[in-house]
Amino acid sequence: RKAGYINLFDLAFTSYLYNAFTSFNSSYKDFQNTVYHKPDLSVPEHRKALITWLNQWGCRQFSLACHDNASGEILAWYKEGLVELIPGDKELLELSEQDLCNISVMYDKLATRTASIKVSANKAFSVTIGPTGASKILFALKPRIAVPWDEVMRVKLGYNGSGVSYVEYLMRIRVEIESLMVSCQNNDIELQEVPKLLCRDEATIPQMIGEYFWV
């Protein structure tokens, strides 16, 4: 489908499938409860919970033996302060061009950080956090703005995994939100009521549209 075609039925159907066939929402809730729904990556326990959750969400680049090293890499990135440039109460539809530029930069810097060190043929090499890991960490920090993506999704949708392409993906999510708003209006439903209507009270609209693409 072209961008801008998601309606309430689409979202309800894919939300049901996502919940029925994966445990992703359960593990995400566990993570959010552990960090009291306010992840602060300057706190060691929050970084530990984050990396554990990333493993549960299929991020195999974070090997168990290298969790401490990965935690240090994430902390160094977090201390750069790029995340703080975007107010926590902003929605995806409210982002400015500068906000989107900041997201592209913070994503690229995070994606190139080291997730683990592997040894092959007596040679050590680093494995980066990469596009998938970066998107999921940003989602953990900014669920009203950022949306996770996996490699299969990127290939299918035609994105190369760079910060620029990630922003393009977020822009596509914005178009889908606008399409969903039309569907809501046609059914006399407020957009912000959709998660509760679909028994997904803790979910965000961008998150649910991301699940649509995942399905």
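**View 1. Salt bridge between Glu176 and Arg172 within helix α8.** Glu176 pairs with Arg172 in a salt bridge whose closest N and O atoms are 3.9 Å apart; a salt bridge is here a side-chain nitrogen of Lys or Arg within 4 Å of a carboxyl oxygen of Asp or Glu. Both Glu176 and Arg172 belong to helix α8, 4 residues apart, or about one turn of the helix. Helices (H or I, at least four residues) are DSSP runs, numbered from the N terminus. Glu176 and Arg172 are both buried, where buried denotes under 20% relative accessible area, exposed over 50%, and partly exposed in between (1.4 Å probe, protein chains only). The model is predicted, with local features requiring pLDDT of at least 70 and side-chain atom pairs counted only at pLDDT 80 or more, whereas totals for chains, interfaces and linings use all residues. Residues are numbered from 1 along each chain as its sequence is written, and side-chain values use heavy atoms, with hydrogens and water left out.

View 2. Lys109 is partly exposed at 39% relative accessibility, and Glu80 is partly exposed at 36%. In a further salt bridge, the side chains of Asp99 and Lys90 meet at 2.4 Å, N to O. Asp99 counts as buried, with 5% relative accessibility.

View 3. Thr22 is located in the loop that links α1 (8-21) and α2 (24-34). Its relative accessibility of 17% classes Thr22 as buried. The Thr22 side chain reaches the backbone oxygen of Tyr18 at 2.7 Å, and a polar atom of this side chain lies 3.3 Å from the backbone nitrogen of Phe24. Thr22 and Trp57 are 35 residues apart along the chain, with their C-alpha atoms separated by 9.9 Å.

**View 4. Helix α10 and its covering elements.** Helix α10 (residues 205-214) is largely enclosed by the rest of the structure, because 9 of its 10 residues are buried. Among the buried residues are Met208, Gly210, Glu211 and Tyr212. Elements covering the buried residues of α10 include α1, α2, α6 (130-141), α7 (151-157), α8 (163-186) and α9 (194-197), with contact meaning heavy atoms within 4.5 Å. At the start of α10, a side-chain oxygen of Thr204 comes within 3.1 Å of the backbone nitrogen of Gln207.

Key
Helix = DSSP H or I, 4+ residues; strand = E, 2+ residues; numbered from the N terminus. Polar contact = N/O pair within 3.5 Å; in protein donor to acceptor, adjacent residues only side chain to side chain.
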